[in-house]
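Reader: I'd like to go through the labels on this one and see what stands behind them. Can you take my questions in turn?

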Amino acid sequence: MGAGGTRSAPASAPTPAATHRHRATALHPGAWWLWALSLGTAATRTTNPLLLALLVTVSAYVVITRRPHAPWARSYGAFVKLALAVLLIRILFTTILGSPIPGTHTLLTLPEVPLPDWAQGIRLGGRVTAEGLTFALYDAMKLATLLICVGAANALANPARLLKSLPGALYEMGVAVVVALTFAPNLIADVQRLRAARRLRGRPDRGVRGLLQVGLPVLEGALERSVALAAAMDARGYGRTAQVPPAVRRTTAALTLGGLLGICAGTYGLLTAAGGTYGIPVLLAGGAAALGGLWLGGRRTVRTRYRPDRWGARAWLVTGSGVAVAALLFLAAARDPAALHPGVVPLEAPTLPLWPAAAVLLGLLPAFITPAPEPTMKTAVKEPS
(Lines give C-alpha, C1' and ligand atoms only; values in the text may rest on other atoms or scores of the structure.)
Protein backbone atom coordinates (compact mmCIF):
# COMPACT_ATOMS: atom_id res chain seq x y z
CA MET A 1 0.00 0.00 0.00
CA GLY A 2 1.52 3.34 -0.99
CA ALA A 3 1.04 6.77 0.49
CA GLY A 4 -2.23 8.50 -0.28
CA GLY A 5 -4.18 5.26 -0.69
CA THR A 6 -2.38 4.13 -3.82
CA ARG A 7 -0.30 1.13 -4.59
CA SER A 8 2.24 0.41 -7.25
CA ALA A 9 1.46 -2.29 -9.73
CA PRO A 10 4.28 -4.73 -10.40
CA ALA A 11 6.39 -3.92 -13.43
CA SER A 12 5.45 -5.99 -16.45
CA ALA A 13 7.25 -6.89 -19.63
CA PRO A 14 6.36 -5.10 -22.86
CA THR A 15 3.23 -6.37 -24.56
CA PRO A 16 3.46 -8.28 -27.85
CA ALA A 17 1.90 -5.32 -29.68
CA ALA A 18 4.54 -2.95 -28.31
CA THR A 19 7.29 -5.39 -29.21
CA HIS A 20 5.92 -5.70 -32.76
CA ARG A 21 5.76 -1.90 -33.14
CA HIS A 22 9.33 -1.50 -31.92
CA ARG A 23 10.54 -4.22 -34.28
CA ALA A 24 8.76 -2.53 -37.18
CA THR A 25 10.43 0.83 -36.44
CA ALA A 26 13.85 -0.54 -35.42
CA LEU A 27 16.77 0.31 -37.62
CA HIS A 28 18.25 -2.31 -39.91
CA PRO A 29 21.40 -3.75 -38.24
CA GLY A 30 23.35 -3.50 -41.49
CA ALA A 31 22.90 0.28 -41.40
CA TRP A 32 24.61 0.45 -38.00
CA TRP A 33 27.56 -1.57 -39.28
CA LEU A 34 27.93 0.53 -42.44
CA TRP A 35 27.74 3.72 -40.35
CA ALA A 36 30.37 2.51 -37.87
CA LEU A 37 32.70 1.13 -40.54
CA SER A 38 32.45 4.42 -42.43
CA LEU A 39 33.53 6.30 -39.30
CA GLY A 40 36.40 3.83 -38.91
CA THR A 41 37.38 4.39 -42.55
CA ALA A 42 37.39 8.13 -41.92
CA ALA A 43 39.72 7.55 -38.96
CA THR A 44 42.27 5.88 -41.24
CA ARG A 45 42.63 9.08 -43.29
CA THR A 46 43.98 11.27 -40.48
CA THR A 47 46.42 11.27 -37.59
CA ASN A 48 45.14 14.56 -36.16
CA PRO A 49 44.37 13.73 -32.50
CA LEU A 50 41.64 16.36 -32.34
CA LEU A 51 39.74 14.87 -35.29
CA LEU A 52 40.24 11.35 -33.94
CA ALA A 53 38.93 12.41 -30.52
CA LEU A 54 35.95 14.00 -32.24
CA LEU A 55 35.23 10.74 -34.09
CA VAL A 56 35.37 8.83 -30.79
CA THR A 57 33.04 11.38 -29.16
CA VAL A 58 30.53 11.13 -32.00
CA SER A 59 30.42 7.32 -31.88
CA ALA A 60 30.23 7.32 -28.07
CA TYR A 61 27.31 9.76 -28.03
CA VAL A 62 25.34 7.67 -30.51
CA VAL A 63 26.05 4.52 -28.50
CA ILE A 64 24.97 6.13 -25.22
CA THR A 65 21.70 7.43 -26.66
CA ARG A 66 20.75 4.48 -28.89
CA ARG A 67 22.30 1.38 -27.31
CA PRO A 68 19.61 -1.23 -26.52
CA HIS A 69 19.21 -2.93 -23.16
CA ALA A 70 20.73 -6.31 -24.08
CA PRO A 71 23.75 -8.34 -22.91
CA TRP A 72 25.52 -8.07 -26.26
CA ALA A 73 25.21 -4.26 -26.12
CA ARG A 74 27.51 -4.07 -23.07
CA SER A 75 30.63 -4.87 -25.08
CA TYR A 76 31.34 -1.22 -25.93
CA GLY A 77 33.25 -0.69 -22.69
CA ALA A 78 35.47 -3.69 -23.48
CA PHE A 79 36.37 -2.20 -26.86
CA VAL A 80 37.22 1.12 -25.21
CA LYS A 81 39.52 -0.67 -22.77
CA LEU A 82 41.10 -2.55 -25.68
CA ALA A 83 41.72 0.77 -27.46
CA LEU A 84 43.38 2.20 -24.34
CA ALA A 85 45.53 -0.93 -24.13
CA VAL A 86 46.62 -0.38 -27.75
CA LEU A 87 47.70 3.15 -26.87
CA LEU A 88 49.68 2.06 -23.82
CA ILE A 89 51.35 -0.87 -25.61
CA ARG A 90 52.39 1.28 -28.57
CA ILE A 91 53.87 3.97 -26.32
CA LEU A 92 55.63 1.31 -24.22
CA PHE A 93 57.16 -0.32 -27.30
CA THR A 94 58.31 3.06 -28.59
CA THR A 95 59.90 3.84 -25.23
CA ILE A 96 61.77 0.54 -25.02
CA LEU A 97 62.55 -0.20 -28.67
CA GLY A 98 62.95 3.35 -29.91
CA SER A 99 61.38 5.15 -32.85
CA PRO A 100 62.60 5.78 -36.42
CA ILE A 101 61.46 9.40 -36.10
CA PRO A 102 64.43 11.69 -35.37
CA GLY A 103 64.03 14.07 -32.50
CA THR A 104 65.88 16.76 -30.59
CA HIS A 105 63.70 17.02 -27.46
CA THR A 106 65.00 14.26 -25.17
CA LEU A 107 62.60 13.30 -22.40
CA LEU A 108 64.72 10.61 -20.75
CA THR A 109 67.59 8.29 -21.52
CA LEU A 110 67.27 4.60 -20.71
CA PRO A 111 70.21 2.22 -20.30
CA GLU A 112 70.92 0.81 -23.76
CA VAL A 113 71.47 -2.92 -24.16
CA PRO A 114 74.05 -3.88 -26.83
CA LEU A 115 72.69 -6.23 -29.49
CA PRO A 116 74.48 -8.51 -31.99
CA ASP A 117 75.20 -7.48 -35.57
CA TRP A 118 72.27 -9.46 -37.01
CA ALA A 119 69.87 -7.27 -35.01
CA GLN A 120 70.83 -4.05 -36.74
CA GLY A 121 68.04 -1.49 -36.82
CA ILE A 122 66.72 -2.62 -33.44
CA ARG A 123 67.75 -1.17 -30.14
CA LEU A 124 66.79 -1.68 -26.52
CA GLY A 125 66.83 1.47 -24.43
CA GLY A 126 68.56 4.68 -25.34
CA ARG A 127 67.12 8.14 -25.90
CA VAL A 128 63.36 8.68 -25.71
CA THR A 129 62.36 11.80 -27.61
CA ALA A 130 59.14 13.78 -27.53
CA GLU A 131 58.89 13.58 -31.34
CA GLY A 132 59.03 9.78 -31.31
CA LEU A 133 56.42 9.45 -28.56
CA THR A 134 54.13 11.95 -30.27
CA PHE A 135 54.34 10.08 -33.58
CA ALA A 136 53.58 6.78 -31.80
CA LEU A 137 50.63 8.36 -29.98
CA TYR A 138 49.13 9.76 -33.19
CA ASP A 139 49.52 6.45 -35.01
CA ALA A 140 48.09 4.42 -32.12
CA MET A 141 45.10 6.77 -31.78
CA LYS A 142 44.15 5.94 -35.37
CA LEU A 143 43.96 2.21 -34.60
CA ALA A 144 42.25 2.86 -31.26
CA THR A 145 39.56 4.95 -32.96
CA LEU A 146 38.95 2.17 -35.48
CA LEU A 147 38.53 -0.35 -32.64
CA ILE A 148 36.07 1.94 -30.84
CA CYS A 149 34.01 2.33 -34.03
CA VAL A 150 33.83 -1.45 -34.39
CA GLY A 151 32.77 -1.62 -30.75
CA ALA A 152 29.99 0.87 -31.50
CA ALA A 153 28.69 -1.42 -34.25
CA ASN A 154 28.75 -4.38 -31.85
CA ALA A 155 26.82 -2.40 -29.24
CA LEU A 156 24.16 -1.03 -31.61
CA ALA A 157 23.45 -3.87 -34.09
CA ASN A 158 21.60 -6.99 -32.97
CA PRO A 159 23.78 -9.91 -34.17
CA ALA A 160 20.79 -12.27 -34.56
CA ARG A 161 18.97 -9.77 -36.77
CA LEU A 162 22.16 -9.14 -38.71
CA LEU A 163 22.45 -12.86 -39.42
CA LYS A 164 18.87 -12.95 -40.64
CA SER A 165 19.60 -10.11 -43.07
CA LEU A 166 22.60 -11.75 -44.74
CA PRO A 167 22.28 -13.15 -48.27
CA GLY A 168 21.59 -16.86 -48.50
CA ALA A 169 25.03 -17.60 -49.94
CA LEU A 170 26.70 -16.14 -46.81
CA TYR A 171 24.42 -17.80 -44.29
CA GLU A 172 26.89 -20.43 -43.04
CA MET A 173 29.73 -17.91 -42.91
CA GLY A 174 27.42 -15.45 -41.18
CA VAL A 175 26.53 -17.96 -38.48
CA ALA A 176 30.22 -18.42 -37.65
CA VAL A 177 30.80 -14.66 -37.56
CA VAL A 178 27.73 -13.97 -35.40
CA VAL A 179 28.69 -16.71 -32.94
CA ALA A 180 32.16 -15.18 -32.71
CA LEU A 181 30.76 -11.66 -32.21
CA THR A 182 28.33 -12.74 -29.48
CA PHE A 183 30.96 -14.75 -27.60
CA ALA A 184 32.74 -11.72 -26.12
CA PRO A 185 29.58 -9.87 -24.92
CA ASN A 186 28.19 -13.05 -23.33
CA LEU A 187 31.55 -13.73 -21.69
CA ILE A 188 31.64 -10.20 -20.26
CA ALA A 189 28.06 -10.56 -18.97
CA ASP A 190 28.94 -13.88 -17.27
CA VAL A 191 31.99 -12.37 -15.58
CA GLN A 192 29.97 -9.40 -14.31
CA ARG A 193 27.20 -11.67 -13.01
CA LEU A 194 29.61 -14.01 -11.20
CA ARG A 195 31.60 -11.13 -9.69
CA ALA A 196 28.38 -9.58 -8.36
CA ALA A 197 27.36 -12.94 -6.85
CA ARG A 198 30.74 -13.29 -5.14
CA ARG A 199 30.50 -9.78 -3.71
CA LEU A 200 27.05 -10.57 -2.28
CA ARG A 201 28.51 -13.65 -0.60
CA GLY A 202 31.39 -11.65 0.87
CA ARG A 203 34.05 -13.36 -1.25
CA PRO A 204 36.90 -11.59 -3.07
CA ASP A 205 36.22 -10.77 -6.72
CA ARG A 206 39.48 -8.99 -7.60
CA GLY A 207 43.05 -10.08 -7.99
CA VAL A 208 44.49 -13.35 -9.25
CA ARG A 209 42.56 -15.47 -6.74
CA GLY A 210 39.22 -13.96 -7.65
CA LEU A 211 39.97 -14.30 -11.36
CA LEU A 212 40.83 -17.98 -11.01
CA GLN A 213 37.69 -18.74 -9.01
CA VAL A 214 35.50 -16.90 -11.53
CA GLY A 215 37.17 -18.47 -14.58
CA LEU A 216 35.90 -22.04 -14.07
CA PRO A 217 32.17 -21.12 -13.90
CA VAL A 218 32.62 -18.86 -16.94
CA LEU A 219 34.19 -21.69 -18.97
CA GLU A 220 31.45 -24.06 -17.81
CA GLY A 221 28.77 -21.63 -18.95
CA ALA A 222 30.48 -21.17 -22.32
CA LEU A 223 30.57 -24.97 -22.81
CA GLU A 224 26.88 -25.33 -21.93
CA ARG A 225 26.00 -22.50 -24.31
CA SER A 226 28.01 -24.14 -27.11
CA VAL A 227 26.24 -27.49 -26.63
CA ALA A 228 22.83 -25.78 -26.61
CA LEU A 229 23.71 -23.83 -29.74
CA ALA A 230 24.84 -26.98 -31.56
CA ALA A 231 21.61 -28.76 -30.63
CA ALA A 232 19.48 -25.82 -31.75
CA MET A 233 21.32 -25.56 -35.08
CA ASP A 234 20.93 -29.29 -35.71
CA ALA A 235 17.21 -29.17 -34.89
CA ARG A 236 16.70 -26.32 -37.35
CA GLY A 237 18.41 -28.15 -40.22
CA TYR A 238 21.57 -26.06 -40.33
CA GLY A 239 23.82 -26.99 -43.27
CA ARG A 240 21.14 -28.50 -45.49
CA THR A 241 21.28 -27.28 -49.07
CA ALA A 242 19.23 -27.68 -52.21
CA GLN A 243 20.43 -29.47 -55.35
CA VAL A 244 21.95 -27.04 -57.86
CA PRO A 245 23.30 -27.92 -61.34
CA PRO A 246 27.12 -28.03 -61.60
CA ALA A 247 27.14 -25.22 -64.17
CA VAL A 248 25.38 -22.89 -61.73
CA ARG A 249 27.87 -23.78 -58.99
CA ARG A 250 30.84 -23.08 -61.25
CA THR A 251 29.32 -19.79 -62.43
CA THR A 252 28.63 -18.77 -58.84
CA ALA A 253 32.22 -19.50 -57.78
CA ALA A 254 33.66 -17.64 -60.77
CA LEU A 255 31.49 -14.57 -60.23
CA THR A 256 32.11 -14.43 -56.49
CA LEU A 257 35.88 -14.94 -56.72
CA GLY A 258 36.24 -12.55 -59.67
CA GLY A 259 34.07 -9.97 -57.95
CA LEU A 260 36.13 -10.09 -54.75
CA LEU A 261 39.35 -9.74 -56.74
CA GLY A 262 37.84 -6.79 -58.61
CA ILE A 263 36.81 -5.14 -55.34
CA CYS A 264 40.33 -5.59 -53.94
CA ALA A 265 41.96 -4.21 -57.11
CA GLY A 266 39.53 -1.27 -57.28
CA THR A 267 40.05 -0.42 -53.62
CA TYR A 268 43.81 -0.52 -54.11
CA GLY A 269 43.43 1.76 -57.11
CA LEU A 270 41.45 4.28 -55.08
CA LEU A 271 44.04 4.31 -52.32
CA THR A 272 46.99 4.93 -54.64
CA ALA A 273 47.68 7.92 -56.82
CA ALA A 274 48.65 5.82 -59.87
CA GLY A 275 45.41 3.81 -59.90
CA GLY A 276 42.96 6.67 -59.64
CA THR A 277 41.81 6.29 -63.26
CA TYR A 278 40.87 2.61 -63.15
CA GLY A 279 39.93 2.31 -59.47
CA ILE A 280 36.25 3.25 -59.64
CA PRO A 281 35.37 1.23 -62.82
CA VAL A 282 37.10 -1.90 -61.51
CA LEU A 283 35.47 -1.47 -58.11
CA LEU A 284 31.99 -1.13 -59.63
CA ALA A 285 32.53 -4.12 -61.94
CA GLY A 286 33.80 -6.23 -59.06
CA GLY A 287 30.87 -5.26 -56.86
CA ALA A 288 28.38 -6.14 -59.60
CA ALA A 289 30.04 -9.53 -60.18
CA ALA A 290 30.10 -10.29 -56.44
CA LEU A 291 26.41 -9.40 -56.07
CA GLY A 292 25.59 -11.68 -59.01
CA GLY A 293 27.54 -14.52 -57.42
CA LEU A 294 25.77 -14.00 -54.09
CA TRP A 295 22.38 -14.00 -55.81
CA LEU A 296 23.13 -17.27 -57.61
CA GLY A 297 24.65 -18.78 -54.46
CA GLY A 298 21.48 -18.00 -52.53
CA ARG A 299 19.61 -20.56 -54.65
CA ARG A 300 21.38 -23.34 -52.75
CA THR A 301 19.76 -22.41 -49.45
CA VAL A 302 16.28 -23.63 -48.58
CA ARG A 303 15.70 -21.33 -45.63
CA THR A 304 13.02 -18.65 -45.34
CA ARG A 305 12.91 -15.41 -43.35
CA TYR A 306 10.30 -14.66 -40.72
CA ARG A 307 9.54 -10.93 -40.44
CA PRO A 308 12.57 -9.74 -42.42
CA ASP A 309 14.04 -6.37 -41.46
CA ARG A 310 13.21 -3.61 -43.88
CA TRP A 311 15.76 -1.18 -45.25
CA GLY A 312 13.82 2.04 -44.95
CA ALA A 313 14.50 5.75 -45.20
CA ARG A 314 16.14 5.87 -41.75
CA ALA A 315 18.62 3.16 -42.75
CA TRP A 316 19.55 5.15 -45.86
CA LEU A 317 20.03 8.32 -43.79
CA VAL A 318 22.17 6.57 -41.15
CA THR A 319 24.32 4.89 -43.79
CA GLY A 320 24.55 8.11 -45.79
CA SER A 321 25.73 10.09 -42.76
CA GLY A 322 28.60 7.67 -42.16
CA VAL A 323 29.54 7.50 -45.85
CA ALA A 324 29.46 11.31 -46.02
CA VAL A 325 31.92 11.53 -43.12
CA ALA A 326 34.30 9.08 -44.82
CA ALA A 327 34.02 10.75 -48.23
CA LEU A 328 34.60 14.25 -46.84
CA LEU A 329 37.62 13.08 -44.83
CA PHE A 330 39.03 11.48 -48.00
CA LEU A 331 38.54 14.80 -49.80
CA ALA A 332 40.12 16.75 -46.95
CA ALA A 333 43.13 14.41 -46.89
CA ALA A 334 43.67 15.02 -50.61
CA ARG A 335 43.22 18.81 -50.49
CA ASP A 336 44.90 19.70 -47.20
CA PRO A 337 47.07 16.80 -45.98
CA ALA A 338 48.97 19.01 -43.55
CA ALA A 339 45.83 19.73 -41.51
CA LEU A 340 44.91 16.04 -41.22
CA HIS A 341 48.48 14.88 -40.59
CA PRO A 342 50.13 17.33 -38.17
CA GLY A 343 53.90 17.27 -38.24
CA VAL A 344 56.06 15.98 -35.42
CA VAL A 345 59.46 17.08 -36.80
CA PRO A 346 59.63 19.88 -35.85
CA LEU A 347 57.18 19.30 -33.02
CA GLU A 348 54.06 21.46 -33.32
CA ALA A 349 50.66 21.60 -31.65
CA PRO A 350 47.83 20.14 -33.76
CA THR A 351 45.03 22.42 -34.89
CA LEU A 352 41.40 21.55 -35.52
CA PRO A 353 40.47 22.08 -39.18
CA LEU A 354 36.98 23.54 -39.28
CA TRP A 355 35.24 21.96 -42.25
CA PRO A 356 36.62 18.43 -41.64
CA ALA A 357 35.41 18.76 -38.04
CA ALA A 358 31.99 19.85 -39.29
CA ALA A 359 32.00 16.82 -41.60
CA VAL A 360 32.67 14.51 -38.64
CA LEU A 361 29.67 15.99 -36.82
CA LEU A 362 27.43 14.60 -39.58
CA GLY A 363 27.93 11.24 -37.88
CA LEU A 364 25.65 12.42 -35.04
CA LEU A 365 22.59 12.14 -37.30
CA PRO A 366 21.61 8.61 -36.09
CA ALA A 367 21.22 9.93 -32.53
CA PHE A 368 18.32 12.13 -33.66
CA ILE A 369 16.51 10.17 -36.39
CA THR A 370 16.55 6.61 -35.01
CA PRO A 371 14.02 5.33 -32.44
CA ALA A 372 14.97 5.21 -28.79
CA PRO A 373 15.89 1.78 -27.37
CA GLU A 374 13.05 -0.34 -26.08
CA PRO A 375 12.86 -0.28 -22.26
CA THR A 376 13.28 -3.56 -20.46
CA MET A 377 10.20 -3.04 -18.28
CA LYS A 378 7.30 -0.66 -18.08
CA THR A 379 7.34 1.86 -15.33
CA ALA A 380 5.18 1.13 -12.34
CA VAL A 381 1.58 2.34 -12.65
CA LYS A 382 -0.27 3.59 -9.61
CA GLU A 383 -3.77 2.23 -9.00
CA PRO A 384 -6.39 3.46 -6.51
CA SER A 385 -6.78 1.17 -3.52
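Predicted model: local features only at pLDDT ≥ 70, side-chain atom pairs only at ≥ 80, totals over all residues.

Reader: What makes up the secondary structure of the protein chain?

Author: There are 14 helices and four strands. Helices (H or I, at least four residues) and strands (E, at least two) are DSSP runs, numbered from the N terminus.

Reader: Why are helix 2 and helix 11 called roughly parallel?

Author: Helix 2 (residues 29-43) and helix 11 (residues 313-335) pack at an angle of about 10°, their axes being 8 Å apart. Those axes are lines fitted to C-alpha atoms, for helices over the stretch in contact, and angles run from 0 to 180 degrees between N-to-C directions. Angles under 35 degrees count as roughly parallel, over 145 as roughly antiparallel, 65 to 115 as roughly perpendicular and the rest as oblique. So helix 2 and helix 11 get the roughly parallel label.

Reader: Which residues meet there, helix 2 against helix 11?

Author: Contact means heavy atoms within 4.5 Å. From helix 2, A31, W32, L34 and W35 are among them, and from helix 11 the list includes V318, V325, L329 and F330. By class, this contact has 13 nonpolar, five polar and no charged residues. Ala, Val, Leu, Ile, Met, Phe, Trp, Tyr, Cys and Pro count as nonpolar, Asp, Glu, Lys and Arg as charged, and the others, Gly among them, as polar.

Reader: How do you know whether H28 is buried or exposed?

Author: Buried means under 20% relative accessible area, exposed over 50%, partly exposed in between (1.4 Å probe, protein chains only). H28 has 10%, so H28 is buried. H28 sits in the loop between helix 1 (16-25) and helix 2. Leaving aside neighbours within four places in sequence, H28 touches R161, S165, D309, R310, W311 and A315.

Reader: And A83, why does that count as buried?

Author: A83 has 2% relative accessibility, so A83 is buried by that cut-off. A83 belongs to helix 4 (residues 76-97). The C-alpha atoms of A83 and A144 are separated by 4.4 Å, although these residues are 61 residues apart along the chain. Beyond neighbours within four places in sequence, A83 is in contact with A144, L147 and I148.

Reader: What share of the protein chain is buried?

Author: Of the 385 residues, 34% are buried.

Conventions: Residues numbered from 1 in each chain as written. Heavy atoms only, no water.
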